[in-house]
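Good morning, and thank you for making time for this item. Please look at the model on the screen, and I shall then go through some of its details.

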Amino acid sequence: MNETTVIKNEELTAEEKYQELGNFIRENREKRGYLIPVLYKAQSLFGYLPKEVQKFIADEMNISVSEVFGVVTFYSYFKTQPVGRHTITVCMGTACYVRGAKKILEALEDKLGIKIGETTEDLRFTLGEQRCFGSCGMAPVIMIDQDVHGRLTASKLDAILEKYK
Amino acid sequence: MKATEIKDKKTEIPMVQVTINDQKVMIEPGSTILDAANKAGIKIPTLCAMSEINHYPGSCRMCVVEVKGHPCLVASCVYPVNEGMVIYTHSDRVVNARRAVLELLLTTHPLDCMTCEKNGECDLQDLAYEFGIKESGFGRKERNLPIDNSNPFILRDLNKCILCRRCVEICNEIQQSRAIGFGFRGTKTEVIAGLGHKLGHETKMTIGSKDNPDYSNCVSCGQCVAVCPVGALTDKAAEGKGRVWEFQKVHTTCNYCGCGCGFDLNIKDGKVVKVTSNSDSIVNGINLCVKGRFGNDYIHKEDRLKTPLIRKNGKLEPASWDEALTLISNRFQEIKKESGSDSLAALSSAKCTNEENFLLMKFARAVFGTNNVDHCARLCHSATVAGLAQSFGSGAMTNSIKEIANAPVIYLTGSNTTENHPIIALEIKKAVTKNGAKLIVADPREIELVKYATLWLRHRPGTDVALFNGLMNVIIMEGLEDKEFIKERTEDYEKLREVVLKYTPEIVAKITGVPAEDIRKAARIYASAESASLIYSMGITQHSTGTDNVMSTANLAMLTGNVGKENAGVNPLRGQSNVQGACDMGALPNVYSGYQAVTDPQAREKFSKAWGVELPDKIGLTVVEILNAAYDGKIRGIFVMAENPAMSDPDLAHAREALKRVDFLVVSDIFLTETAEVADVVLPGVTFAEKDGTITNTERRVQRFHKAIEPLGEAKPEWQIICELAQKMGYQMSYNSPAEIMEEIASLTPIYGGILYPRLGKEGLQWPCPNMEHPGTRFLHKDKFSRGKGKFIPIEFKEAVELPDEEYPLILTTGRVLYHFHTGTVTRRSKGLNEIYKEALVEISPQDAQELNITDGEIIEVASRRGKVRAKAKVTEKSDEGVVFMSFHFHEAAANLLTIAALDPISKIPEYKVCAVKVKKIS
């Protein structure tokens, strides 16, 4: 599963995003323990949580940046790096592994020029790994966003990636 | 059960009996197992607990014990005792569990004790030694984290961190900087700083800070270093300079601000290597600020004065003590013969000891024969001394620092406490965040404590009297005054009432700019508190209406019955370490020690008899008046002891010219200050580390300086210099030690009557302490004011002397910053302090900056009718529209070239807080 729900806000300017986030914080300022919903909102607006956004949240909420950063880094849901439009997740479960998942991963790293956890410069793909999607019969498998692609070989990858712009 | 019948002698609460390692222990219910073990003298190891701040999180698992009948081991630092509990603190099961914890910690902890700074005082090392663990049975896993070197004072090696959380706790809950916290999770958990891994230092007041989110908001207090049990956090400047067992620790008192914190100087080979906390310190416990902990490297700075200097052919050249003292003696005597005693003057020092201040005022009066003696208290709190003396009968902080945390309401005005009295600010923060106090801040600047305030009254600089009258108007109109207190304890209430009733909130809102509704709210909060502490500092005193402002604070406190009781009072925070003491010692032109007036024939006779000379009865000149008289040629000789009027006085161009015109100027100091540069003779004095003595902090607590190192070069303590000079001038003045001087002080000064060295111990004594049996006084005016009844003094609002106009449209207000002290003589010689705050900044509001087309960091010119300076602009919301702020630490951009020498008519304090300036773009 793609664990980051990226809500596209390309129609909003950065200024509008900050404005919306600021409003959200002000509306909920009085509530205790509201940092996580604020971070969730921020990530849905910006796609990830860059330092500037974390600093903005800390200032607006009158809390320290270290408190914000502590929560952001605790939950794997929150991303501090930009996430691509599409997330590729390579299964590294036992079945996939013995059927060559490592080679698939290496091929992807090679083609995209990024390592696990990274995003391509054109923000097209983010590469990740997981242990078993429950599709062992189709091993080795990868997921791109919500789609499962099975019985892979490195040579099939180009055609699959082509479908995701 | 029988045991429950045993009651605590004091509280009458039934005690609980437990058995620890077959030993029976009686203890108060609610105590933890750890408490009980401590009581029984059984040592249980801990790693995360901090007894100094009463913090027991129960997370490190080192303190686990076995409780009979309990299925698993429990953390003794949090587990409460029950009647009949049977506990084993060192059973095999317990010891094995502790060993496992240690071995897990040692899988990642570097085993480099031989080069670790913490070697010899590391809790982990001690425990590994005790358990005989050479290496972890779980193998090794290096973390290989980079060492964080980004803070000028603190070295962070997180490879050594055992995640005990002590540093995070003290930073977040005591210091409340929240610079660090826990980040990431599981095995990757680490102490993060700011938005990453670099501690750095706060950058909000440096240029371009918004572009640098890498640094945390660390204020470099070093509290984290003080509590780290291992070598993860260490004092950078002391790296490689010595092991714990090589240091001689000398407990002494900090010589920066008036808080009066205690700490240990760590001495090796006759040098001060570092400062460490000492939990015995009564004022501060283990807390210290950046200057106290890390700002003492000036002591061994290479440009310390080490020999006397005499001006020859226009140049200051080294000379012998005898040559210097002979010259001084001859010249002062000549001037005295030619122009009379009153052509001489002495400036004493709020950085020197009580004994030295006493001797200098004795020297001025008995040897010079003049009352022209004063010191920099004139420039900071003379209005307090004058104002509170009229209202209450004595001018000092009425209550104690420790009471602040317990005050339900705090009214803070004209004090940027976080930066100027950092340890007192911790008490205010504690009051608000831990004890639920309401804080009202009245300040034109958005100081840090505004974040903690229930209400912030942002008044226009110089409108304090109007604001106080407005508050009192609401209190009286709404019947919130303390009628009984007014009737029993005060006089002239009707006069006050008559004046105050004119100041309705609406009228005051127009004068001050504070919304009428906020004035009402503030008045209600303050007046309805069970007790309310009013805290102020130089934002109140440094005005041409300084004494009026101070008397207004007294009016407000008396109106609500907030004087003479615990957790209340009128609390002026004194600036210099010993400014309270310098005043107490009579380094003032109108009083001897203990505020005994020179015009009082009885007092004069007492001192005259003790000192064996006739004493002058005419009140002398104040600091600014002395310089004015020097300018006019009426003062011809000045002895300046460790003061720097060429930086600290208002309208510096005038003051510096006055110093140049003096026929004969002698300065004793530790560095060649701006004042010493123009002196005829300069004498090398010593720092607080090189002498014995006492100083009196802002809460009237007399505490010891303990000599830790020998004077550098040929330098001498000021008390010796004064004695030797007096003798040269033919007056017998000789003491074997400062303790002997204190005996003379006690014999002549009723409020110090019982203050002698053997009684000072760890806690010192708070005056008034009239006799040897007296325990000292925690808060003043308990049943009776010093003057009998408290006096209400009605005060009309007066504008500041120089208001903005078309030509000079902005108000300049001046003050200090956390990282520097006064004229910068010592802090600008401290490496780390200068790294953090290296240049003068002009704080200007975004609105004014926009109008003048000024950007952050741009060099601008600030000009008043008296002078102009250039410095970088800091665009910040901290400044209100129409108000700019400068600190007075930087000689390259001396704020006092701009300030006005308008004096308060009563206390003669200059109006540093308001003058009119214009700001000009240069490029």
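I begin with one pair of residues: B:Ile695 stands opposite B:Gln703 in β29(B). This is a predicted model, in which local features need pLDDT of at least 70 and side-chain atom pairs count only at pLDDT 80 or more, while totals for chains, interfaces and linings use all residues. Residues are numbered from 1 along each chain as its sequence is written, and chains are lettered from A and ligands numbered from 1 in the order in which they are written.

Strand β29 of chain B covers residues 701-705, and four bridges join this strand to β28(B), the two running antiparallel. Strands here are DSSP runs of E with at least two residues, helices are runs of H or I with at least four, and both are numbered from the N terminus. Two strands pair if DSSP finds at least two bridges between them. In chain B, the order β28-β29-β30 describes an open sheet of three strands with antiparallel pairing. Because β28 (693-696) and β30 (765-766) of chain B each have a single partner strand, they stand at the edges, and one side of each is left without a neighbour in the sheet.

Next, a helix of chain B. Which residues of α25 (residues 652-661) are buried? They are B:Leu652, B:Ala655, B:Arg656, B:Ala658 and B:Leu659, where buried requires 20 or more other C-beta atoms within 10 Å of the residue's own, with C-beta atoms placed from the backbone. These residues lie on the same side of α25(B), because they cover an arc of only 155° around the axis; the arc is that of the directions from the helix axis to the C-beta atoms. The buried residues of α25(B) pack against α23 (623-631), α24 (645-648) and β26 (664-669) of chain B.

I turn now to the two chains together. 13 residues of chain A are in contact with 16 residues of chain B, contact meaning that the C-beta atoms, placed from the backbone, lie within 7 Å. On the chain A side, α3 (51-61) and α4 (65-74) are the elements that give two or more residues. The most come from α4(A), with seven residues.

Finally, the domains of chain A. An automatic or database domain assignment supplies the bounds, giving domain 1 (14-74) and domain 2 (86-162) for chain A. The C-alpha centres of these two domains of chain A are separated by 32 Å.

Technical notes:
Buried ≥ 20, exposed ≤ 12 C-beta atoms within 10 Å, placed from the backbone. Contact = placed C-beta atoms within 7 Å.
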